[in-house]
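Biologist: I am new to reading structures. Can we take a few features one by one, the general idea before the case?

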Amino acid sequence: MLDRPKKSLMVLLILILSFSVFTACSKETNSNNAGQNSSPEASKAPEAVTEDNFSKGKFDPPVTITTSGCTNSAYVFKNGETLENNVHTKWAKDRLGIDIKYNWVTADDQCSTKIRLALSSGERLPDVMRMHDQNLINDLIEADKLMDITSAFDQYASEELKAIYNQDPSYWYGAARDGKKYGIPILNFSLQNDPLMWVRQDWLEQLNLQAPTTFDELEVVMDAFIEANLGNVKKPVGMAVGIKNGYATWMSDASWIFGGYGVIPGYWNKWNGASELQYGSIRPEAKEALAKMNEWYNKGYISPDAGLSDESKASELFTNGSSGFIFGPMWMAGWPMRDVLQQNNPDAKYKAYPVPSGPSGKSGLHGSPIPDGALMISKDFKHIDALILYLNTLAAGAIAKDGEFMYGWHEDYDYTMIDGKPSYNGDDVPGGQVYPEKYFLMQAPLDPYHELNLMKKIANNEPIDSPRDQVTAENIKTDEAARIRYETDLMAEAQKDRGLHNLYTGAATKTLLEKGEALKKIEGETFSEIIYGKAPIDNFDSFVKKWSDLGGVQLTSEVNDWYKSVGGK
Amino acid sequence: MENQPLIEQQKVIRQPKTHFKWGKNIALYVMLIPGIVLTLIFSYLPMGGLVIAFQDYKPWLGMLKSNWVQWDHFAMMFLRDDSVQIIWNTLIISSAKLTAGLIIPIVFSLLLNEVRQLFFKKTVQTLVYLPHFLSWVILGGILTDLLSSSGLINSWVEKLNHGKPILFLADGDWFRIIVVISDIWKEFGFATIVFLAALAGVNPSLYEAAEVDGAGRWKQTLNITLPAIAPIIVVVGTLSLGNILNAGFDQIFNLYNPLVYSKGDIIDTFVYRTGIISGGFSFATAVGMFKSVIGFILIALAYWSSGKFANYRIF
């Protein structure tokens, strides 16, 4: 009686087994395919040294550079183009003999994951990879997947390219290890993310007040703003600050409060003349700043929602008229100021000022790093000369006085010609404005100080030689947003000496990997609780002790070892 | 062709005990195959990855070449100051959710079952399960706005609380309450579906008999409806016990902040911060494995006790 069910069970089992064999087989064939895909390229004899091609400025026959693409919803295309096939890839092929191929295109937030997956599955990596995740860069270096390009860079890079990258050795810290360069750093504009004090200028004028320069003056103006409630809101607050994601943030920043006492929480520096790098959050200055923030919280200058607000959420307090102060970078002139604040209230006027100074007479703000990730280069890449030729061409193009790039990257993409003059107005460009930079392997290398130097030249009425920059100079006279950008740039330049930098920009140390989260958690908890008055200010001292015991001491020595190893003074 | 049923019947008569009718049921077995294959591929195969919980896993070395570190990651999890706190938070939040998430749908479906107006009943049913389809990213934003110091809720609270707002999401105790209530609000409608289905299956003649015996609605509910749906309640309860260590990552992640770490940080958010943000894959796997083992033990226990005390068995 029982053997029948048993038999069927056996059949079922056999079926399952055969299926698993089937899946195993298909897996194998998959990997075989992958092997076949990559092997021809890998086994292709390295093309005869292409020295000639490099000096000719064009590769013939064309060489291929593979990369990976990261897109987001903000990517717009025109003329039916794609990331794989567009005006720039055509240009690269025709002009330089470089065929840009995308191994994969994925969403922004999946980019690192995709490379990690390729890394763990042993898949061949793209030749060049744009990366902003320092941990991933470190993993790739450690996994020995990247190419040492130190000598190639010296050999092929143009004078312009070298001038950009060799002006500060710290640009290379992220992309290099033990003196070997594994990638080309991507550079931000200098001071691009340094916070400034943005004020509702129309409120200042209506109340006949001056922009504050110290914390005390700031308190007076905040009181006046709250009293007057010119935004006509239910609950006016002093300033728009969000501390959910920390204190030194990209907008709605609070680091300047600490900066007024001479430290930046979360940053490593030789604070106030210390002999070695120290963690900013455990310095006694941070305690004073927290006491101040607690006072400001109690006085209603800091919103009770600050602890739950991230950068954008907190900025709503400024854009909806609850508050007249917000601290953030120069580019806020466009968004959220023009795009949100003035949409809400067309009469609103805003202006940036240097951050106010603290009770000690000092002022400080979190300095923004210039290097921001890098274009990492795979060990299997065969045409490093082609890549550097490409970058040389872009670097020259970005500051070209004449030639194909004198007005912009591609006509009818980022600019258009009207009556022989370039226009950068999106409405003028037929078919809509599309910035070709997003098609580049990495943004065109440009001196981080280029924009600031240009603004200084404009301010001093010095001659400007590049046509693109001449247009910028003319725009400042006619366009409101360009004028504010210009003024803000100069304001940032004026306060540049107050930037307090994070000198630790290297790989996560062993302790940081193991204990980093625990250390950060107690810091976030203690700081918020002190500001909200849920814990007495003296809890700061027990936090410092706990932090040190939990691994902070070891972390400090590891960070200092790293700093010495890269030759920091 | 017409004879076929007859033959089948004869077979049944000859072998009354066996239910395995290979020839007749082959279609059913074939339909089972995709499910089995998928379970194997997506549920059993990945279990092999658990070995990285015992390794210092490096993606480029893979599972075979990474260094073995035995129980280091488990030790690290329990040596942290806050590990007990995190486990407690998880248990408190999730057991509150489980209990309320079981009782409220039962009560609600009993009430809904008494409604005789069909249109009203269907409308309510649809309305209450709609929130289930909203994501926590969106709801998190809405809740943060509603509960902020100048939000809608606080404009009422201030009238009762001498003009002072309650900082719901900045206070640990309130945070837990908000998390539980908002989760119930979002999910109870969906959970109701199962119970309503069970209620529909109760034999009406039982009610008729009870009415003849003079039982009112209340007595009928107590003595007929509840016993009839008891097995379903046991199944739902047993299955949800396996989730006792899942306090709801999506929800907490979108609502929490450093101020409520002490009362609101749960295992999953903790794993996210250490594993994903800081790149500690092995550690995150170790914590995940710990969770699964506890979940497994709890399900086994619950299943065993439901067999013993409620006489309910699936297998």
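Modeller: Start with a definition. Helices are DSSP runs of H or I with at least four residues, numbered from the N terminus. Keep in mind that this model is predicted.

Biologist: Which helix holds Glu514(A) and Lys510(A), and how far apart are they there?

Modeller: Both lie in helix 18 (residues 510–531) of chain A. They are four residues apart, so about one helical turn separates them.

Biologist: Is Lys510(A) buried or exposed?

Modeller: Lys510(A) counts as exposed, because its relative accessibility is 58% and the cut-off for exposed is over 50%. Glu514(A), at 37%, is partly exposed.

Biologist: How many salt bridges are there over all chains?

Modeller: A search of the whole structure finds 40. One of them pairs Glu158(B) with Lys235(A), with the closest N and O atoms 2.4 Å apart. That pair crosses between chains. Glu158(B) sits in helix 8 (residues 152–160) of chain B. Lys235(A) sits in the loop between helix 9 (215–228) and strand 8 (239–240) of chain A. Lys235(A) is partly exposed, at 28% relative accessibility.

Biologist: Which residue pairs with Lys313(A) in a salt bridge?

Modeller: Asp145(B) does, at 2.5 Å from N to O. This pair also crosses between chains, from helix 12 of chain A to helix 7 (residues 136–147) of chain B. Lys313(A) is partly exposed at 24%, and Asp145(B) is partly exposed at 41%.

Biologist: Now disulfides. What are they?

Modeller: A disulfide is a covalent bond between the sulfur atoms of two cysteines. The structure holds one over all chains. It joins Cys70(A) to Cys111(A), S to S 1.7 Å. The pair links distant parts of the chain, 41 residues apart. Cys70(A) is in strand 1 (residues 63–71) of chain A, and Cys111(A) is in helix 4 (residues 111–121) of chain A.

Biologist: Why is the disulfide of Cys70(A) and Cys111(A) left-handed?

Modeller: Because the torsion about its S-S bond is about -110°. Both Cys70(A) and Cys111(A) are buried.

Biologist: Last, how do I read two packed helices?

Modeller: Two packed helices are described by the angle between their axes and the distance between the axes. Take helix 4 (residues 72–79) and helix 15 (residues 281–309) of chain B: their axes come within 9 Å and cross at roughly 75°. That makes helix 4 of chain B roughly perpendicular to helix 15 of chain B. The residues of their contact divide into nine nonpolar, two polar and no charged.

Conventions:
Residues numbered from 1 in each chain as written. Chains lettered and ligands numbered in written order. Predicted model: local features only at pLDDT ≥ 70, side-chain atom pairs only at ≥ 80, totals over all residues. Heavy atoms only, no water. Disulfide = S-S within 2.5 Å. Helix = DSSP H or I, 4+ residues; strand = E, 2+ residues; numbered from the N terminus. Buried < 20%, exposed > 50% of the residue type's maximum accessible area, 1.4 Å probe, protein only. Axes fitted to C-alpha atoms, helices over the stretch in contact; angles between N-to-C directions. Parallel < 35°, antiparallel > 145°, perpendicular 65-115°, else oblique. Nonpolar A, V, L, I, M, F, W, Y, C, P; charged D, E, K, R; others polar. Salt bridge = Lys/Arg side-chain N within 4 Å of Asp/Glu carboxyl O.
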